[in-house]
Amino acid sequence: DGRVIVEREGISVSYPCKPLLVATFNPEEGDIRDHVLDRIAVSLSADAAPLTVEDRVRAVDGVTKFSNERQDALAQDEEASDGLRSRIVFAREEIKD
């Protein structure tokens with residue numbers, strides 16, 4: 001919604017917001033649980049190879065586009081997913097033969 005609602009002792013107040021969560025965790029303590037990962041749009045590993053400035057810009061642009069134009073981004077992803085699904089089906093058929 002882009003709003004946060006604070007409710008205490010019968011009083012309810014709503015404020016506009018654009019939430020941002022920045023967090024760290026120690027992988028030695030275990031994996032992040034799926035129900036938490038479902039709520040995170042982007043996660044990056046500190047162990048991954050360093051990104052170039054262009055890679056970082058591309059990643060941020062992708063997240064921003066998804067936030068601002070969700071339906072268009074979902075439609076593009078659906079097209080890409082359909083193509084991958086078809087390739088997987090054909091690959092499975094090829095393996096059977």
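Residue R8 stands opposite I11, a residue of strand β2. The coordinates come from a predicted model. In this model, the protein chain has three helices and two strands, and from the N terminus on, these elements follow the order β-β-α-α-α. The radius of gyration is 20 Å, well over the 13 Å that the globule rule gives for 97 residues, so the protein chain is more spread out than a compact globule.

**Overall form and surface**

- Taken along the principal axes, a box of roughly 65 × 35 × 30 Å is filled by the C-alpha atoms of the protein chain.
- Of the 97 residues in the protein chain, 1% count as buried.
- The accessible surface of the protein chain is about 9,600 Å², and 54% of that surface belongs to carbon and sulfur atoms.

**The hairpin of β1 and β2**

- Strands β1 and β2 pair with each other in the antiparallel sense, and six bridges make up this pairing.
- The two strands form a hairpin, with two residues between β1 and β2.
- Strand β1 has six residues, and the number of them that are buried is zero, so β1 lies largely in the open.

- Residue E9 is placed in the loop that links β1, residues 3–8, with β2, residues 11–16.
- The phi angle of E9 is near 45 degrees, which is a positive value in a residue other than glycine.
- As background, most residues other than glycine have a negative phi.
- With a relative accessible area of 83%, E9 is exposed, because the term exposed applies over 50%.

**The nonpolar patch**

- A nonpolar patch on the surface is formed by V4, V6, I11, V13 and Y15, which together have about 410 Å² of accessible area.
- Each of the strands β1 and β2 supplies at least two residues of this patch.
- Strand β2 provides the largest share of the nonpolar patch, namely three residues.
- Residue I11 belongs to strand β2, and its relative accessibility of 57% means that I11 counts as exposed.

**Helix α3**

- Helix α3 covers residues 70–96, and V89 is found within this helix.
- The relative accessibility of V89 is 45%, so V89 counts as partly exposed. The class "partly exposed" is the range between buried, under 20%, and exposed, over 50%.
- Residues V89 and E69 are 20 residues apart in sequence, and the distance in space between their C-alpha atoms is 30 Å.

Notes:
Residues are numbered from 1 along each chain as its sequence is written. This is a predicted model: local features need pLDDT of at least 70, side-chain atom pairs count only at pLDDT 80 or more; totals for chains, interfaces and linings use all residues. Side-chain values use heavy atoms; hydrogens and water are left out. Helices (H or I, at least four residues) and strands (E, at least two) are DSSP runs, numbered from the N terminus. Buried means under 20% relative accessible area, exposed over 50%, partly exposed in between (1.4 Å probe, protein chains only). Two strands pair if DSSP finds at least two bridges between them. Patches are made of residues with over 30% relative accessible area and no salt bridge: like charges are joined within 9 Å, nonpolar side chains (Val, Leu, Ile, Met, Phe, Trp, Tyr) within 5 Å. Accessible areas come from the Shrake-Rupley method with a 1.4 Å probe; for residues, only the protein chains shown count as cover. A salt bridge is a side-chain nitrogen of Lys or Arg within 4 Å of a carboxyl oxygen of Asp or Glu. The radius of gyration is taken over C-alpha atoms; the globule rule is 2.2 Å times the number of residues to the power 0.38.
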